[in-house]
Amino acid sequence: MFSVPEQFSAATKANFDAQLALITALTGKAFEGVEKFVELNLTVAKTSMEESTAAAKQLLSAKDPQEFFSLSAAQAQPNAEKALAYGRHLSNIASSTQAEFTRAAETQIAETNRKVLALFDEVSKNAPAGTENVVAFVKTAINNANASYDQFTKSSKQAVEALEANLNNAVTQISTATEKATARSKK
């Protein structure tokens, strides 16, 4: 049987190793998110340069002001749609990265809680007589902390879902308004 200091030492080392693994995983996820963001921006910049050149050539070849304004209006809709698509891509990258962070953190927290409870149960078996009330109090405190964390996690998820729904709604409204404005300008 291990002594209490040895149990705490082993638990501390295991906790440190788990935290290091979590930091490594989160860092990897963060780099993946940044990599996706950079890739998206490079693609958008390259495409934008090509399309801007083609659009400028097309506008410069206009024969009269009416044709020039007609070409300008025709280019407004695709540009607005591309800006909305870019926003959606950014939102997807941020949402997926956040979801991966949340999964990794939840897994780590659940495992740490399991280990803390196991350690506390083991240590409490060797507790001196008369400390049952203290042991029960600490267990209650741990369970209350876990319940609070669970509630916080649920509330955070609901807030993120509401934010994503509002963002999607805003994008839809902007897209609809842009389509209507483009249709009016073509008339």
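Reader: How many aromatic pairs does a search of the whole structure find?
Author: The model is a predicted one. A search covering the whole structure gives a count of aromatic pairs, and that count is one.

Reader: Which class does the pair of Phe68 and Phe69 belong to, stacked, tilted or edge-to-face?
Author: A pair of aromatic rings is described by the distance of the centres and the angle of the planes. For Phe68 and Phe69, the centres are 5.6 Å apart and the planes make an angle of 80 degrees. Planes over 60 degrees apart fall in one class, so the Phe68 and Phe69 pair is edge-to-face.

Reader: Is Phe69 buried or exposed?
Author: The relative accessible area of Phe69 is 56%. Because the cut-off for this class is over 50%, Phe69 is exposed.

Reader: What is the relative accessible area of Phe68, the partner of Phe69 in the aromatic pair?
Author: Phe68 forms the edge-to-face pair with Phe69. Phe68 counts as partly exposed, because its relative accessible area is 33%.

Reader: How far apart in space are Ser70 and Leu59, C-alpha to C-alpha?
Author: Ser70 belongs to helix 2, which covers residues 65-125, and is partly exposed at 44% relative accessibility. In sequence, eleven residues separate Ser70 and Leu59. In space, their C-alpha atoms are separated by 9.5 Å.

Reader: Which residues does Thr97 touch, not counting residues up to four places away in sequence?
Author: Thr97 is a residue of helix 2 and is buried, because its relative accessible area is 16%. A polar atom of the Thr97 side chain lies 2.8 Å from the backbone oxygen of Ile93. With residues up to four places away in sequence left out, Thr97 touches Lys29 and Gly33.

Reader: What is the C-alpha to C-alpha distance between Val38 and Glu164?
Author: Val38 is located in helix 1, residues 4-60, and is partly exposed with a relative accessible area of 41%. Val38 and Glu164 are 126 residues apart in sequence. Their C-alpha distance in space is 22 Å.

Conventions: Residues are numbered from 1 along each chain as its sequence is written. This is a predicted model: local features need pLDDT of at least 70, side-chain atom pairs count only at pLDDT 80 or more; totals for chains, interfaces and linings use all residues. Side-chain values use heavy atoms; hydrogens and water are left out. Helices (H or I, at least four residues) and strands (E, at least two) are DSSP runs, numbered from the N terminus. Buried means under 20% relative accessible area, exposed over 50%, partly exposed in between (1.4 Å probe, protein chains only). Rings of Phe, Tyr and Trp (its six-membered ring) pair if their centres lie within 6.5 Å; planes under 30 degrees apart count as stacked, over 60 as edge-to-face and the rest as tilted. A polar contact is a pair of N or O atoms within 3.5 Å; within protein, one must be able to donate a hydrogen and the other to accept it, and residues adjacent in sequence count only if both atoms are side-chain atoms. Contact means heavy atoms within 4.5 Å.
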